[in-house]
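The exercises below concern ring contacts and helix packing. Each task is followed by a worked solution.

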Amino acid sequence: MQGTASRPADAREENQPDMLSMMRNALDSLGEAVLITDSDGRIQWASKAFYAQYLPGSGSIVGQDRIAILDAQARHFKDPRLFKENLTAMIASPSDKGEAEWELADRHMIIHLRAYPIYDEAGKVLGRVETYREEEPGTIACLSDREVIDSVPTGIIGVDEHLNVVYYNRSGAEFVYSRLGFDPRELKSIEVLGQDHPLVRAVIESLSGRRMAVAAGYQASPETEAYYDMTVTPLASHRHVSGAVVTITDVTGRQKALAEVQQARKYDDFFINLMSHDIRNFNQVSMGYLEMLELSENLNEEERQYLAKALTGVVGSNRLIENVRTARTVIESGHENIVPTDLRKVLQEDIDHTIKAHPGQTVQINARLPAEGKVMANQYIHEIFRHILENAVKYDQHPQKVIDIDVAEPADTREAPAYWTIRITDRGRGIPEDRRRAIFERIGQTTKGSGIGMSMVNMIVNKLGGRIWVEDRVPGDYTQGSVFVVQLQRA
């Protein structure tokens with residue numbers, strides 16, 4: 001029994017090398033580049049075609065780690081980095097099937113890799129087989145490129161120098177059919193659209209000028225309310241323009257959003273005009289009656305205090321309306337007409353304006369102004385200093401309002417840009433440090449108070465390329481007053 005049982009096993013062992021040899025010879029005879037590794041990634045066998053294609057002249061690689069020969073193989077490919085990244089990822093997952101393709105560096109061919117795991121009867125991974133096959137680029141690469149181009153939502157149309165259509169991708173063909181009303185198979189030339197069509201004009205401009213041309217916001221059909229941007233890029237060498245590529249992008253969403261913004265702007269204009277004209281007129285009527293009432297000799301002291309508060313409210317309302325109008329213009333045109341401006345003249349005018357605006361009050365402004373000096377500014381510069389000076393008077397509870405203005409020229413003339421520094425010091429109630437940022441951010445923020453003056457000042461300073469911040473007059477004690485520091489670019 002023992003002898004009988006041992007003979008079949010011995011026969012299998014004796015026949016196994018022959019079977020392996022036959023299998024290897026069969027693979028070699030196919031001329032395929034094949035590599036077999038074990039589960040640890042060590043090479044067990046390589047076909048003759050593999051040696052010939054990727055390791056010519058080298059000795060046996062059996063027993064080597066698969067990773068060890070990557071560099072020797074990578075030099076055969078146009079993108080060695082991609083080759084090594086792809087293969088390393090596959091080696092790290094021996095139980096997974098894998099595919100990759102790379103272009104050879106020395107000739108116009110594609111190598112297509114297929115990797116398969118090898119299992120034993122129990123389903124355990126014993127190793128892996130890699131097969132490398134050469135393919136014509138047209139069978140894989142070109143087909144892949146076309147599939148990619150057809151998958152993008154942007155329409156692409158290729159035309160030659162005579163305006164003949166030579167190419168569509170899928171989105172381009174759909175645009176021609178659904179938006180231009182032509183069968184893409186029959187539209188041989190874009191000339192049939194007419195010389196005034198935005199697409200034709202853009203292509204002619206691009207071909208003749210040898211530059212990119214754009215037709216933005218083209219509405220293909222009023223019924224569909226669909227809008228497109230068309231960009232034309234010429235295909236040109238230094239001697240000749242051979243055609244152009246037209247890309248067509250659906251911008252319907254953008255155009256609808258723009259229309260909504262424009263409609264909102266109309267409402268905005270309406271309410272701004274309503275507030276600045278009609279409400280101001282009502283305020284003027286109210287102010288007229290209040291001023292007449294103020295002349296009455298029959299009012300007691302308490303009634304006169306109420307009257308003064310009413311007048312202050314109307315004046316404040318008018319000032320707010322004016323500030324809103326100014327802020328609106330600053331947002332739209334605060335960066336325009338910036339020219340060298342005499343800083344001394346501006347500050348002197350704003351000082352005089354502030355004193356005249358407070359008759360009956362003692363306002364002392366101590367100004368140390370430069371003999372000369374210019375900053376880059378426009379007409380809105382007066383809004384900066386008048387608002388700061390107005391607040392310095394308004395929030396100072398002392399009988400005599402004292403304000404200091406100091407101007408320092410740029411310390412380092414090599415600084416770019418260089419700034420004139422204007423420090424305006426008041427003796428008001430001051431601003432806590434945790435509220436300083438908020439006073440400059442009234443516009444667009446939900447903060448207490450009805451004024452927008454300092455946020456508008458901040459906006460103007462930014463439009464002029466300057467800077468503004470607040471400091472304590474007495475360091476560490478904000479209740480002793482504030483210093484507004486304004487820096488404007490030297491002209």
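**Exercise 1.** State over which ring the charged end of R467 sits.

*Solution.* The charged end of R467 lies over the ring of Y419, 4.0 Å from the ring centre. The criterion is that NZ of Lys or CZ of Arg is within 6 Å of the ring centre and within 35 degrees of the ring normal. The model is a predicted one: local features need pLDDT of at least 70, side-chain atom pairs count only at pLDDT 80 or more, and totals for chains, interfaces and linings use all residues. Residues are numbered from 1 along each chain as its sequence is written, and side-chain values use heavy atoms, with hydrogens and water left out.

**Exercise 2.** Determine how many aromatic pairs the whole structure holds, and which residues form one aromatic cluster.

*Solution.* Rings of Phe, Tyr and Trp (its six-membered ring) pair if their centres lie within 6.5 Å. A search of the whole structure gives 9 such pairs. One cluster consists of F50, Y54, F77, F83, W102 and Y132.

**Exercise 3.** Classify the packing of helix 8 (residues 252-294) against helix 9.

*Solution.* Helices are DSSP runs (H or I, at least four residues), numbered from the N terminus. Axes are lines fitted to C-alpha atoms over the stretch in contact, and angles run from 0 to 180 degrees between N-to-C directions. For helix 8 and helix 9 the angle is about 155 degrees, with the axes 10 Å apart. Angles under 35 degrees count as roughly parallel, over 145 as roughly antiparallel, 65 to 115 as roughly perpendicular and the rest as oblique. Helix 8 and helix 9 are therefore roughly antiparallel. Their crossing is left-handed (the near helix is turned anticlockwise from the far one by less than a right angle; clockwise would be right-handed).

**Exercise 4.** Classify the packing of helix 9 (residues 301-333) against helix 13 (residues 453-463), and identify the residues that meet.

*Solution.* The angle is about 20 degrees and the axes are 10 Å apart, which means that helix 9 is roughly parallel to helix 13. The crossing of helix 9 and helix 13 is left-handed. With contact defined as heavy atoms within 4.5 Å, N323, T326, A327, V330 and I331 of helix 9 meet G453, M456, M459, I460 and K463 of helix 13.

**Exercise 5.** Classify the packing of helix 10 (residues 343-356) against helix 11 (residues 381-394).

*Solution.* These helices pack at about 40 degrees, with axes 9 Å apart; helix 10 is therefore oblique to helix 11. The crossing of helix 10 and helix 11 is right-handed.

Methods: Helices (H or I, at least four residues) and strands (E, at least two) are DSSP runs, numbered from the N terminus. Rings of Phe, Tyr and Trp (its six-membered ring) pair if their centres lie within 6.5 Å; planes under 30 degrees apart count as stacked, over 60 as edge-to-face and the rest as tilted.
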